[in-house]
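Colleague: Hi! Could you walk me through this one? I'm new to it.
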Amino acid sequence: MKVIFLDFDGVINDYFSMDTINNKCIEVLKRIIHETNAKVVVTSSHKYKYQNNNNLEGFQNSRYINKLKEKNIDIFDCTPLVNQNREQEIAEYLRMHPEIEQYVILDDDYILEPFKEHEIFLDLQAGLKEKHIIP
């Protein structure tokens with residue numbers, strides 16, 4: 001299985017479209033999903049206020065999830081709650097899902113080792129762009 005660990009702010013939006021989504025960023029994300037057949041796993045800190053018992057149940061009504069659904073982007077899962085620490089949450093998710101063969105982390109915060117080689121670091125001002133697609 002392939003996974004895209006997805007942050008929201010600075011990835012599916014930019015500085016000028018905070019609290020919503022940027023359609024250009026969404027189109028790039030859709031292209032990545034289509035070309036890789038990857039599943040989307042949410043890592044965004046926005047999940048903390050919605051997440052119940054390490055699942056998406058309470059998260060289904062968040063504004064970002066609803067906007068992504070409107071754009072035909074399915075959220076497969078979210079990382080578990082581990083001290084509100086993204087690296088620990090990704091590590092735990094990978095431990096719980098040994099079937100993951102490849103993954104990428106889309107984030108506007110630097111991710112620490114050992115995940116740095118899997119991160120595509122994005123500029124909060126710009127969000128996800130065509131230039132981030134690796135051929």
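**A first look**

Modeller: Happy to! Let's start in the sheet, where L106 has I120 of β5 as its bridge partner. This is a predicted model, where local features need pLDDT of at least 70, side-chain atom pairs count only at pLDDT 80 or more, and totals for chains, interfaces and linings use all residues. Residues are numbered from 1 along each chain as its sequence is written, and side-chain values use heavy atoms, with hydrogens and water left out.

Colleague: How many bridges join β4 to β5?

Modeller: There are 3, and the two strands run parallel. Strands here are DSSP runs of E, at least two residues long, and helices are runs of H or I, at least four, all numbered from the N terminus.

Colleague: And in what order do the strands sit in the sheet?

Modeller: The order is β3-β2-β1-β4-β5, in an open sheet with parallel pairing; two strands pair if DSSP finds at least two bridges between them. β3 (77–78) and β5 (119–121) are at the edges with a single partner strand each, so one side of each has no neighbour in the sheet.

Colleague: Switching to helices, which residues of α2 are buried?

Modeller: Y64, I65 and L68 are, buried meaning under 20% relative accessible area with a 1.4 Å probe, protein chains only. They span an arc of only 100° around the axis, so they lie on the same side of α2; the arc is taken from the directions from the helix axis to the C-beta atoms.

Colleague: What covers them?

Modeller: The cover includes β1 (2–6), α1 (23–36) and β2 (39–42), with contact meaning heavy atoms within 4.5 Å.

Conventions: Buried means under 20% relative accessible area, exposed over 50%, partly exposed in between (1.4 Å probe, protein chains only).
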